[in-house]
Amino acid sequence: MPVVPDPVVKLVQRSNEPVVAQTLRSTAAAVIAYQAAVWLTPQPAPLTAPLTALLVVQVTLYATLTTGIRRVNAVVAGVLIASAFSSLVGLNWWTLGLTILTSLVIGRFVRVDEFVPEVAISAMLVLGVSQVANTAWDRILETLIGAGVGLLFNLLFAPPVWVESAGESIEGLSRRMGRLFRDIGAELSGHTPVERAADLLHEARRLDHDIVEVDASLRQAEESLRWNPRVREGLLSRVVLRTGLDTLEICAVVLRVLTRTLTDLAKERTEEALFPADVAVALNELLRHVAIAIENFAVLITTQVSANAEEAEDELSRALEQSGAHRETVAHLLLDKVREHPRQWQLHGALLAEIDRILDELDVEKRSVRLVEELDRYSREQRERFPRLDAFKRRLLGSGPRLSRADP
C-alpha cells in the first residue's frame with residue numbers, strides 16, 4: 001500500500017481553511033477557464049480568461065456574485081483602452097503612461113468601485129501582449145469566458161460556510177477575556193504593585209487587536225451565509241453571531257475601564273493591599289464567575305444545535321445568577337469598608353458599576369430582545385430598500401387566503 005506523503009495529508013486536513021480553499025478553488029477555476037478559452041477562441045494563449053477567473057472567484061458565493069460584475073467591467077474597460085492605444089500608437093514609455101492615466105480616469109466612471117486599479121492592470125497586460133490577440137473582441141470574449149467560469153464554479157460548487165471558524169475565533173476571544181478576569185481576581189489578594197496593575201491594563205488594551213481579527217473572521221462567515229444554497233437560516237445565524245460579538249466588544253471595553261480603575265487604585269495604595277482580605281476573596285469569586293459567564297455566552301452564540309444551545313443558555317444563566325449573588329456580597333463589604341475608611345470611595349463605586357455593566361450586557365433576556373430588534377430592523381430595511389419586491393410578496397401572501405375561501 002503506497003504511503004501518502006505528509007505534506008499531502010496536511011493539505012487535505014487543511015482543505016477547509018479559507019486560505020487553502022481559496023488557493024485550490026482559484027487554481028481550478030483558472031485552469032478550467034483557460035481550457036474553455038482554448039476550445040472556444042482561436043487564440044493560442046488566451047491568458048485573459050484565467051486572469052479573469054482568478055479575479056472573479058472569491059471565497060464566498062456572495063462575494064463572487066456581488067464583485068463579479070464590477071470585476072468584469074474593470075477588465076473589459078482595460079481591454080478596450082489597451083486595444084485602442086495599441087492599434088493607434090503602439091507600445092512605448094509615453095503610451096504606457098497615457099494608457100495607465102486613461103484607465104484610472106475611465107475606471108472612475110464605469111462603476112467598478114474598488115477595482116479601479118484593475119482597469120489599468122488589465123490594460124497593461126493586454127497592451128504588453130497585444131501582438132497575440134489581434135482584436136479587442138478576442139480579449140472581451142476571453143474575459144467573458146473567464147467570468148462565466150468563475151461564476152459557474154461557485155454556483156455549481158458552493159463555497160464552504162465559515163461559521164465554524166468564526167465561532168472558534170469568538171470562543172478564543174472569550175477565553176482570553178475570561179483568563180484576564182481570573183488574573184485580575186488573583187492579583188487582588190495581597191499587595192498589588194502599580195507595574196503589575198499596569199500590565200493588566202495593557203493586556204486589556206490588546207484585546208482591541210483580537211477583536212479586529214475576530215471581526216474579520218466574522219465578516220467572512222457572514223458573507224458565506226448569504227445566498228448560499230446550503231444554508232437555511234443564514235439571517236438568524238448572522239444576527240446571532242454579530243450581536244454576540246458586539247456584546248463581547250462592549251465587555252472588552254468595560255474590562256479595559258475596570259483595569260484602569262484598579263491601576264488608579266494601585267497608584268493610591270502603594271504601601272498597602274488594594275482591598276481588605278475578605279473583600280479581595282469575594283471579588284476574586286465574583287470575577288471568576290464573570291469569566292465563566294463570558295465563556296458560556298460565547299459558547300451559546302456559537303452553538304448551532306438546539307439541545308446544546310439550551311444547555312449553554314442554562315450554564316450562562318447559572319453563571320450570571322452566581323455572579324449577581326457575589327456582586328451583592330462585594331457591594332455590602334465595600335460599603336462597610338468605605339464607612340470605616342472612605343479613601344478612594346469613588347473607585348470602589350466605579351468598580352461595581354463596571355461589573356454591573358458587564359452582567360447587564362450578558363443578560364439572557366436582554367439578548368433575546370436584542371435579537372428580535374435586529375431581525376425587525378433588517379426586515380424593515382429590506383422593505384425600504386426593495387419596496388416593489390415587498391409589495392409583490394404582500395400580494396402573494398394576501399392572495400392565499402382569498403383563494404382558499406373561494407374553494408368549496
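**Reading the surface and the interior**

Mentor: Helix α5 (residues 93–107) gives the most to the nonpolar patch, with five residues; helices here are DSSP runs of H or I with at least four residues, strands are runs of E with at least two, and both are numbered from the N terminus. This is a predicted model, in which local features need pLDDT of at least 70 and side-chain atom pairs count only at pLDDT 80 or more, while totals for chains, interfaces and linings use all residues. Residues are numbered from 1 along each chain as its sequence is written, and side-chain values use heavy atoms, with hydrogens and water left out.

Trainee: Why does W93 count as exposed?

Mentor: Exposed means over 50% relative accessible area, buried under 20%, and partly exposed in between (1.4 Å probe, protein chains only). W93, which lies in helix α5, counts as exposed because its relative accessibility is 73%.

Trainee: Which residues form the negative surface patch?

Mentor: Asp and Glu count as negative and Lys and Arg as positive, with His and the chain ends not counted, and the place of a charge is taken as NZ of Lys, CZ of Arg, CG of Asp or CD of Glu. Here the negative patch is formed by E310, E311, E313 and D314. E313 has its place in helix α12 (residues 306–340) and, at 32% relative accessibility, counts as partly exposed.

Trainee: Is S174 buried or exposed?

Mentor: S174, in helix α8 (residues 163–187), is buried, with a relative accessible area of 1%. Leaving aside neighbours within four places in sequence, S174 is in contact (heavy atoms within 4.5 Å) with I294, E295 and A298.

Trainee: How many helices and strands does the chain have?

Mentor: The secondary structure comes to 15 helices and zero strands, and buried residues make up 43% of the 408 residues in the chain.

Note on methods
Patches are made of residues with over 30% relative accessible area and no salt bridge: like charges are joined within 9 Å, nonpolar side chains (Val, Leu, Ile, Met, Phe, Trp, Tyr) within 5 Å. Accessible areas come from the Shrake-Rupley method with a 1.4 Å probe; for residues, only the protein chains shown count as cover. A salt bridge is a side-chain nitrogen of Lys or Arg within 4 Å of a carboxyl oxygen of Asp or Glu.
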